[in-house]
Structures are given as C-alpha cells and as structure tokens.
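Here's a quick briefing to read with the model open beside you. Grab your viewer and follow along.

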Amino acid sequence: MEDAGQIQGLLGPRSVSLGLAAHPCSYLDGREAIDEGYLTLQLSPARYQRLMDFGFRRSGHIVYRPVCQGCQACQPLRVLVEEFKPSKSQRRVLKRNADVVLELGEPSLTPEKLSLYQRYLEFQHPGTRQDAGLETLRDWLYSSCTATLEACYRDRSGRLVGVTILDLCPRALSSVYHFFEPQEAKRSLGVYSVLAEIELCRAKGLPWYYLGFWVKGCPKMEYKSDYAPFELMVGGRWVRGEN
C-alpha cells in the first residue's frame with residue numbers, strides 16, 4: 001500500500017482532506033460505501049494521472065476513491081488503445097453513426113448542453129431532472145481542477161446529440177461523463193463515443209483510455225469490459241484483463 005505522504009505530495013499543500021465519507025453504495029444494493037476524498041483547486045495532468053493510478057477519480061474539484069472495508073468491487077479500468085479493435089457489434093455502431101461529427105474543444109456550458117443533459121437525466125433517471133440546474137451541472141461537471149476537454153457529437157444537420165467531458169493526461173484520456181440525446185437512443189451513442197474517444201487517443205499517441213470504475217455485479221458498470229483488451233487495478237497494480 002502506498003505511503004499516505006505520496007498521495008498528499010501529489011495533491012499538493014492546498015488540498016483539503018474531506019475525510020472518509022460513508023453513504024449507500026451507488027452500485028451494489030444493500031451495501032454501504034466509504035470514499036476517501038480531497039478538495040483541490042489545481043492538479044497538473046501528470047499528477048492527476050498518477051492519482052488515477054492510485055485508484056482516484058475526479059468530480060469537479062474533488063478527487064476520491066472507494067476504500068470500503070471488505071469489498072474491492074470497484075476496480076479502475078483502462079483500455080489498451082494500441083491493441084484495441086472494435087468487435088462486430090461495435091463496428092455496427094460505428095456504421096450507424098457514420099454521419100456524426102466529433103468537435104473537440106474547451107468545456108463550455110451552454111443552454112443547448114444544459115437542455116440536452118436535462119432530457120438525458122429524465123430519460124436515464126426519471127424524477128431527478130429537478131436536480132439538474134445550471135449551477136449544479138457547472139459545479140460537478142464543468143468545473144475542473146485539471147486539464148479538461150469537451151467532445152461534442154453532432155449529426156449532419158448540426159444538432160447536438162452527445163457530449164463527453166474528458167480529462168487530458170500525459171499518456172491518457174480519462175472519460176469523466178457522457179450524456180446523449182434520448183430521442184437518438186437507437187444510435188447507441190454511449191458506445192459510439194467510447195469508440196470515437198479511443199480512436200482520439202490513438203491519433204494523439206496516448207496508450208490508455210481510462211473508463212472509471214468497473215464493478216462486477218453492477219450491470220450499468222460491467223459494460224466497460226466490452227472494450228478489450230483492458231487493464232484493471234487489482235491490489236494497487238494494473239493487471240491485464242480480457243472479456
């Protein structure tokens with residue numbers, strides 16, 4: 001296990017420990033989760049990538065990792081970009097979205113994107129749209145303590161159909177969050193965005209694409225192992241996995 005001093009050194013002197021926060025597990029029913037969290041204003045891309053290699057993720061200006069006693073179900077996953085080849089079903093998704101254009105730039109929260117996110121949230125999580133106001137979305141998704149990009153996906157008419165927030169690291173892109181147009185659900189834009197962003201890594205010469213936590217037994221997280229070959233962090237080290 002790493003020395004706590006290494007973590008503090010990466011976070012820097014201006015970071016603030018949020019302690020250990022217990023809450024109902026978001027992934028596995030009937031379990032309690034415990035997160036180790038820190039509030040930090042600024043992280044270099046290199047330091048953030050090292051923190052991800054210690055199992056941390058970012059949400060706004062908070063970096064956190066699960067430290068649940070007796071459970072290691074949450075395992076960080078990263079795709080091996082150079083070796084990745086789309087499966088037959090993934091190639092069908094690419095064909096289905098041949099008309100979609102990726103626009104890459106600095107994150108910019110606009111009314112168009114807020115409206116898309118609100119429709120997406122109501123589609124994915126009915127009844128939670130009231131929590132999707134401008135300030136809420138800005139605080140947790142459009143505020144960042146590190147280098148961050150926004151990938152906007154538009155159809156041939158120019159209509160916005162999907163958005164991904166990505167952190168840019170020296171040797172990786174890390175997917176923070178993706179949302180899409182519910183009326184275009186048949187496109188499988190979530191799958192398409194991952195495939196497009198893996199190719200973006202390839203074009204930039206980045207060996208890894210980080211997809212957050214893979215959680216065995218949680219259907220909404222198990223899909224991440226469809227992007228093989230990949231590595232999982234197990235016991236503090238990256239271990240190759242195959243689907």
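Helices (H or I, at least four residues) and strands (E, at least two) are DSSP runs, numbered from the N terminus. This is a predicted model, where local features need pLDDT of at least 70, side-chain atom pairs count only at pLDDT 80 or more, and totals for chains, interfaces and linings use all residues. Residues are numbered from 1 along each chain as its sequence is written, and side-chain values use heavy atoms, with hydrogens and water left out.

**Arg187**

- You'll find Arg187 in the loop between strand S9 (172–180) and helix H6 (189–204).
- Arg187 counts as buried at 12% relative accessibility; buried means under 20% relative accessible area, exposed over 50%, and partly exposed in between (1.4 Å probe, protein chains only).
- The side chains of Arg187 and Asp99 are joined by a polar contact of 2.9 Å. That term covers a pair of N or O atoms within 3.5 Å; within protein, one must be able to donate a hydrogen and the other to accept it, and residues adjacent in sequence count only if both atoms are side-chain atoms.
- Leaving aside residues up to four places away in sequence, Arg187 touches Val93, Arg96, Asn97, Asp99, Val100 and Asp155, where contact means heavy atoms within 4.5 Å.

**Ser174**

- Ser174 sits in strand S9 and is buried, at a relative accessible area of 0%.
- Its side chain makes a polar contact of 2.7 Å with that of Arg57.
- Not counting residues up to four places away in sequence, Ser174 touches Met52, Arg57, Ile165, Leu166, Asp167 and Tyr210.
- From Ser174 to Leu211 it's 37 residues in sequence and 6.3 Å in space, C-alpha to C-alpha.

**Helix H1**

- Which residues of helix H1 (residues 4–11) are buried? They are Ile7, Leu10 and Leu11.
- Looking down the axis of H1, its buried residues fall within an arc of 100°, so they line one face of the helix; the arc is that of the directions from the helix axis to the C-beta atoms.
- As background, an α-helix has 3.6 residues a turn, so residues three or four places apart point the same way.
- The cover over the buried residues of H1 includes strand S2 (32–39), helix H2 (45–52) and strand S4 (62–66).

**Cysteines**

- The structure holds 0 disulfides, a disulfide being a pair of cysteine sulfur atoms within 2.5 Å.
- Cys25 is in no disulfide, and the nearest cysteine sulfur, that of Cys74, is 6.0 Å away.
- Cys201 is in no disulfide either, with the nearest cysteine sulfur, that of Cys169, 9.9 Å away.
- Cys201 is buried, with 0% relative accessible area.
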